[in-house]
Amino acid sequence: MLRFTRYARNRMRLFRIREDEVTATWYESEAESREGDLVRRIRRFPGRFDGKPLLVVVDPAADPPTVVTTYPLKRGWRRP
């Protein structure tokens, strides 16, 4: 179960991102990185977001984990 900030919900509405896509990115990501206390996870959704991957930034220390922001990446993403 994830909680969403108002900012994250507004970004979801702006980019037409569904809650199930954010949840899938959090639990089944293709890549993960950390920046301080935040975790960034990336996942592709074929046929969505013009082929660009979806980025989800979550604060896992919060209870429940809180989505800070989410958006499709403007540039593509290459696996390391």
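Which residue in strand 3 does Ala31 stand opposite? It's Ile42, and I'll come back to that pairing in a moment.

Hi everyone! Before we look around, this is a predicted model, where local features need pLDDT of at least 70, side-chain atom pairs count only at pLDDT 80 or more, and totals for chains, interfaces and linings use all residues. Residues are numbered from 1 along each chain as its sequence is written, and side-chain values use heavy atoms, with hydrogens and water left out.

Let's start with the strands. Helices (H or I, at least four residues) and strands (E, at least two) are DSSP runs, numbered from the N terminus, and two strands pair if DSSP finds at least two bridges between them. Strand 2, residues 31-35, runs antiparallel to strand 3, residues 38-43, and five bridges join them.

Leu55 counts as buried because its relative accessibility is 0%; buried means under 20% relative accessible area, exposed over 50%, partly exposed in between, with a 1.4 Å probe and protein chains only. Leu55 and Tyr71 are 16 residues apart in sequence, yet 5.5 Å apart in space, C-alpha to C-alpha.

Finally, Thr25 sits in helix 2, residues 19-27. Thr25 is also buried, at 0% relative accessibility. Beyond four places in sequence, Thr25 touches residues including Ile42 and Leu54, where contact means heavy atoms within 4.5 Å.
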